[in-house]
Amino acid sequence: MAVRALVFDAYGTLYDVQSVRALATELCGDKGELITQLWRLKQLEYTWLRGLMRAYEDFWSVTRSSLEFALESVGIVPESSICNSLMSKYLDLDLYPEAREALNALAGYKLAILSNGSPRMLGDLVKATGIAPLFADVISVDRAKTYKPDPKCYALVETALGVARQEVLFVSSNSFDVAGAKQFGFRVAWIERGGGRGSPASSDVGPVEFYKLLRGHAERLGHQGDFRINALTDLSSVVSGLE
């Protein structure tokens, strides 16, 4: 079946979650790098835990809680001045350099975002970066009141875009998301933002390398992506091969 829609994850796929690093370092000194990685890891963990607990809170709340955890874990008091500044960056994350070109090249398809982000967070992001007009819909899992990789989240796409799951190419840099989307029935392109690196020489690794070891490789969950790409601009050749 031909591809009619391309659906993108937001955080780590279109937007660089590591772009909070400079501000974290400015506010927290030499602990900024460690905070950046702990924050993202705990943010993801809290989405999974809240899904399992059936205790949904939106992604803004999850992001704040995980930031406070990260700060406290490295010995920094989570004062409002620090937290509010770092949280505001999540409303204006850096768009990956090739994202705009890639989206423009795919204008003949229905384009959408499916993200854990709350409606406000996603709305502010696409507005701040000027790409809102490119999407048929910006879909928050808030509509399902749970988090990816719950199948209820991926099912939102069919209703929102009026397409069958077999007509969707889902794009994500997050390997857990790749597994979830593939298990649901989408065709999936995994953009390897953090993978493709060699093994560490020893256990003496920094926070960035540890993060990439944990989040930058394919998960062993029995579901792999259909395509592996290095940049979003590779998608044009992928979809042309599916026509």
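Biologist: In which helix does tyrosine 211 lie?

Modeller: Helices (H or I, at least four residues) and strands (E, at least two) are DSSP runs, numbered from the N terminus. Tyrosine 211 belongs to helix α9, which spans residues 207–215. Two points on the source: the model is predicted, and local features need pLDDT of at least 70, side-chain atom pairs count only at pLDDT 80 or more, while totals for chains, interfaces and linings use all residues. Residues are numbered from 1 along each chain as its sequence is written, and side-chain values use heavy atoms, with hydrogens and water left out.

Biologist: Is tyrosine 211 buried or exposed?

Modeller: The classes rest on relative accessible area: buried is under 20%, exposed is over 50%, and partly exposed lies in between (1.4 Å probe, protein chains only). Tyrosine 211 has a relative accessible area of 12% and is therefore buried. Contact means heavy atoms within 4.5 Å. With neighbours within four places in sequence left aside, tyrosine 211 is in contact with Val17, Gln18, Gln37, Arg40, Leu41 and Gly216. By comparison of position, its C-alpha atom is separated by 27 Å from that of lysine 145, 66 residues apart along the chain.

Biologist: What is the phi of lysine 145, and where is this residue found?

Modeller: Its phi is near 55°, a positive value in a residue other than glycine. Lysine 145 sits in the loop between β5 and α7, and its relative accessibility of 47% makes it partly exposed. Arginine 54 also has phi near 55°, again positive and again in a residue other than glycine. Arginine 54 is placed in the loop between α2 and α3 (59–73); at 77% relative accessible area, arginine 54 is exposed.

Biologist: Which peptide bond is cis?

Modeller: The bond from lysine 148 to proline 149 is cis, with omega near 15°. Proline 149 is placed in the loop between β5 and α7.

Biologist: How should I read the sheet, and in what order do its strands run?

Modeller: Strands of a sheet pair through backbone hydrogen bonds, either parallel or antiparallel. Two strands count as paired if DSSP finds at least two bridges between them. Here 6 strands form an open sheet in the order β5-β4-β1-β6-β7-β8, with parallel pairing. Because β5 (137–140) and β8 (227–229) stand at the edges with a single partner strand each, one side of each is left without a neighbour in the sheet. From one strand to the next, the twist averages 25°.

Biologist: Over how many bridges do β6 and β7 pair?

Modeller: Strand β6 (residues 168–172) and strand β7 (residues 187–191) pair in the parallel sense over 4 bridges. Leucine 169 stands opposite arginine 187 in β7. Glutamate 167, in the loop between α7 and β6, touches Met1, Ala2, Val3, Arg4, Ala5 and Arg187, not counting residues up to four places away in sequence. Glutamate 167 is buried, with a relative accessible area of 13%.

Biologist: Which strands does helix α6 lie across?

Modeller: Axes are lines fitted to C-alpha atoms, for helices over the stretch in contact, and angles run from 0 to 180 degrees between N-to-C directions. Helix α6 (residues 119–128) lies across β4 (110–115) and β5, and runs at about 145° to β5. In the loop between β4 and α6 is serine 118, which is buried, with a relative accessible area of 3%. Leaving aside its neighbours within four places in sequence, serine 118 is in contact with Asp58, Phe59, Trp60 and Ser140.

Biologist: At roughly what angle do the axes of α7 and α8 cross?

Modeller: The axes of helix α7 (residues 151–161) and helix α8 (residues 175–184) cross at roughly 60° and come within 9 Å. The contact is formed by Pro151, Tyr154, Ala155 and Glu158 of α7 with Asp177, Gly180, Ala181, Gln183 and Phe184 of α8. For residue classes, Ala, Val, Leu, Ile, Met, Phe, Trp, Tyr, Cys and Pro count as nonpolar, Asp, Glu, Lys and Arg as charged, and the others, Gly among them, as polar. The contact of α7 with α8 has 5 nonpolar, 2 polar and 2 charged residues.
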